[in-house]
Amino acid sequence: MGKTSVKRAFKYRFYPSESQEQELLRTFGCVRLVHNEALEAGTVGWYEQQRRVSYGETSA
């Protein structure tokens, strides 16, 4: 017989202090900005130049 794998899930709750909450909001805001800029670069690259923008290009 074959091996059987058991999948498990865990849920965690996080209660940040006010200073931690502000730092998390700032960090997530920066991450969102970078992500949206990368999406925009890919969209512009495709519709204006008919080329794909690689991860290396957006990472640079």
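Which side chains meet in a salt bridge at 2.9 Å, N to O? They are the side chains of E23 and R26. A salt bridge here is a side-chain nitrogen of Lys or Arg within 4 Å of a carboxyl oxygen of Asp or Glu. Side chains of opposite charge can pair when their charged atoms come close.

The model is predicted: local features need pLDDT of at least 70, side-chain atom pairs count only at pLDDT 80 or more, and totals for chains, interfaces and linings use all residues. Residues are numbered from 1 along each chain as its sequence is written, and side-chain values use heavy atoms, with hydrogens and water left out.

E23 and R26 both belong to helix α1, where they are three residues apart, about one turn of the helix. Helices are DSSP runs (H or I, at least four residues), numbered from the N terminus. An α-helix has 3.6 residues a turn, so residues three or four places apart point the same way. R26 counts as exposed because its relative accessibility is 53%, while E23, at 39%, is partly exposed. In these terms buried means under 20% relative accessible area, exposed over 50%, and partly exposed in between (1.4 Å probe, protein chains only).

Helix α1 has 32 residues and reaches 46 Å from its first C-alpha to its last, close to the 46 Å expected at 1.5 Å a residue. The expected span is 1.5 Å times one less than the number of residues. Just after α1, Q50 takes a positive phi of about 55°.

Because its relative accessible area is 35%, R51 counts as partly exposed. Leaving aside residues up to four places away in sequence, R51 touches G45, W46 and E57, where contact means heavy atoms within 4.5 Å.

With E57, R51 forms a salt bridge, the closest N and O atoms being 3.2 Å apart. E57 is partly exposed, at 41% relative accessibility. The whole structure holds two salt bridges. The side chain of R51 also makes a polar contact with the side chain of Q49 (2.7 Å). A polar contact is a pair of N or O atoms within 3.5 Å; within protein, one must be able to donate a hydrogen and the other to accept it, and residues adjacent in sequence count only if both atoms are side-chain atoms.

Definitions and conventions
Helix = DSSP H or I, 4+ residues; strand = E, 2+ residues; numbered from the N terminus.
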